[in-house]
Amino acid sequence: MAQETASINSDRLSLEIRDVLQNEEISAVHIATPCSTHSAFIRMALEAGKNVLVEKPISLSSFECRELIDLASEKGLIIEESNHARFNRALQATIEMVRRGDIGKIQYASVRWSNAARLSDKDVLFDLGPEPVCMLGLLLGDSPNEVSGLAGAYTKSTHNELIHIFAQYSGVFAHIELNSLHPRMIREVVLVGSNATLDIDCLNQRILQYSGGKITEIPITPTDAIASEIRHFIGRIAHGDFAVDHAPVKTIETLEIIQSSLWRRVPRVSQRDPLQNPNHTAEQIPVLETAVGLLEIVHKGANKTPILNEGELNPDLVSRYLGMLEKIGLVDGGIRPDQEKAYVLTTKGLQFLIDYYESQRLGEITDNTRRVLQAVGLGTV
C-alpha cells in the first residue's frame with residue numbers, strides 16, 4: 001500500500017530496519033514502533049550514526065533511558081522524545097495563560113487520556129502515561145512529590161487497561177485517568193484556578209474558560225502538532241543543536257514510582273466488621289489491619305529492610321505506617337551501626353496487640369484499641 005501511495009521513490013521503502021540503518025544518505029530516523037522495542041531500535045540507530053526522534057517513551061526503564069541519552073551525547077547525535085504537548089497550540093496557549101496568572105493560583109488539575117478501545121499488548125501506564133505526566137510538569141512547573149494509583153485489566157488483557165493516578169504537586173492535587181477501554185480517543189485537561197477554570201480539548205485544540213458564571217472560548221489557531229514537531233527536529237539537525245535533555249528520564253522515573261504504588265484492586269469495605277464504630281469510616285479498618293500486620297512483623301524482630309519486602313505495600317507507604325506507629329509510641333525505631341532503623345515493639349505496642357486480639361475475640365473495642373484506632377483514622381497515614 002505504501003508503494004502505491006507514498007510520495008517518495010519505492011526503492012526508499014523497506015520492511016527491514018537494516019536497510020534504513022545501512023543507508024548512508026539517511027541521517028535521521030523517526031521511531032514509531034511498540035514501546036517495548038524503542039530501546040533496542042534507538043541503540044541500533046545511534047550506533048549506526050543516525051539522529052533519533054522517538055515516540056514516547058524512550059524506554060520502559062529510567063536507567064536505560066539515561067544510558068541512551070548519554071550514548072547520543074557521546075556520539076554527537078540528537079535524541080529527541082516526541083512531545084506533542086509542546087507543539088499543540090491549545091496546550092501552548094494554556095501554558096502561556098498559566099504563566100501570566102490569568103486563572104490565578106492553580107488548585108486542582110484533571111487529565112483524561114484514552115485511546116479508542118482495542119485489543120492491545122501494551123500496559124496503559126507506559127503507553128499513555130508519559131504525555132500527561134510530562135504535560136503536568138510543564139503546566140505546574142514541578143514534578144509530583146506524592147503519587148499513588150489504582151489499576152486493573154478488565155478484558156482478556158494481562159496488562160493494565162485502566163489506571164487512576166492521584167498526585168500531589170506542591171499544593172496542587174492532580175488526578176490522571178489513563179484508559180484503553182473507552183470507545184473514543186480523549187485528550188482532555190481541566191485546570192481549576194483561584195480566578196477561573198480552563199477546560200482544554202487537546203484533540204480539537206480548543207480552550208473554554210469558566211469565570212464569574214460566564215463561559216468564554218479562547219481563540220486558538222490549531223496547528224499540526226506532529227508536522228511541527230518533525231520540522232523542529234529537522235531544524236535541530238540542520239543547525240547542529242545537540243543540547244541534551246534529561247527530562248524524559250524524570251518522566252520515566254515518575255512512571256516507575258507510580259507503577260510501584262499501584263493497587264490492583266479497590267480496598268475492601270466491610271459492612272459488618274466487629275471493629276466498626278459509627279464514629280469511623282469503613283476505610284479505616286483496612287488501615288488498622290495493615291498497622292496490626294506491621295506490628296506483628298516487628299514483634300518477630302524484623303528490621304526495616306525485611307519489612308519493606310513483606311506483603312504488597314510499596315516502600316513509601318510502609319515507611320509512613322512505621323512512622324505513624326513510632327509517633328504514637330507502638331514501635332521504637334532505633335538506629336543500628338549500619339545506619340538502618342531497627343524497629344522493636346514497645347510495651348505499649350505489645351499491649352495494643354493483646355488488646356486487639358481480645359477485641360477480635362469479644363467482638364467489641366477495648367479502650368486502648370479505640371484510642372489507637374482513632375489515631376490511625378485521623379488521616380495520619
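In helix α4, Ser62, Cys65, Arg66 and Ile69 meet Pro248, Val249, Ile252, Glu253 and Glu256 of helix α9, where contact means heavy atoms within 4.5 Å. The model is predicted, so local features need pLDDT of at least 70 and side-chain atom pairs count only at pLDDT 80 or more, while totals for chains, interfaces and linings use all residues. Residues are numbered from 1 along each chain as its sequence is written, and side-chain values use heavy atoms, with hydrogens and water left out. Helix α4 spans residues 62-74 and helix α9 residues 247-261; the two pack at an angle of about 170°, with their axes 8 Å apart. Axes here are lines fitted to C-alpha atoms, for helices over the stretch in contact, and angles run from 0 to 180 degrees between N-to-C directions. α4 and α9 are therefore roughly antiparallel to each other (angles under 35 degrees count as roughly parallel, over 145 as roughly antiparallel, 65 to 115 as roughly perpendicular and the rest as oblique).

Stepping back to the whole chain, the protein has 14 helices and 14 strands. Both are DSSP runs numbered from the N terminus, helices being H or I with at least four residues and strands E with at least two. Of the 381 residues in the protein, 42% are buried; buried means under 20% relative accessible area, exposed over 50%, and partly exposed in between (1.4 Å probe, protein chains only). Among contacts in the protein with a separation of 6 or more, 61% come from residues 24 or more positions apart.

Two strands pair if DSSP finds at least two bridges between them. Four bridges link β1 to strand β2 (residues 51-54) in the parallel sense, and His30 has Leu53 as its bridge partner in β2. Strand β1 (residues 28-31) has two faces: Val29 and Ile31 lie on the covered one, Ala28 and His30 on the uncovered one.

A second open sheet has nine strands in the order β11-β10-β9-β8-β4-β7-β6-β5-β12, with mixed pairing. Here β11 (214-218) and β12 (262-263) stand at the edges, and each has a single partner strand, so one side of each is left without a neighbour in the sheet. Strand β10 (residues 206-211) runs antiparallel to β11, joined by five bridges, with Ile207 partnered by Ile218 in β11. Helix α7 lies across β4, β6 (162-169), β7 and β8, running at about 155° to β4. Helix α5 lies across β4, β8 (186-193), β9 (197-201), β10 and β11, running at about 165° to β9.

Ala90 lies in helix α5 (residues 89-100) and is buried, with a relative accessible area of 0%. Leaving aside neighbours within four places in sequence, Ala90 is in contact with Ile200, Asp201, Gln205, Arg206, Ile207 and Ile220. Ala90 and Leu203 are 113 residues apart in sequence and 9.0 Å apart in space, C-alpha to C-alpha. Gly141, by contrast, is exposed at 65% relative accessibility and sits in the loop between α7 (130-140) and β5 (146-152).

Turning to the rings, a search of the whole structure finds one aromatic pair. Tyr108 and Phe173 are stacked, at 6.2 Å centre to centre and 15° between the planes. Rings of Phe, Tyr and Trp (its six-membered ring) pair if their centres lie within 6.5 Å; planes under 30 degrees apart count as stacked, over 60 as edge-to-face and the rest as tilted. Tyr108 belongs to strand β4 (residues 106-114) and Phe173 to strand β7 (residues 172-179), so the pair ties together parts that are 65 residues apart in sequence. Tyr108 is partly exposed, at 28% relative accessibility, and Phe173 is partly exposed as well, with a relative accessible area of 33%.
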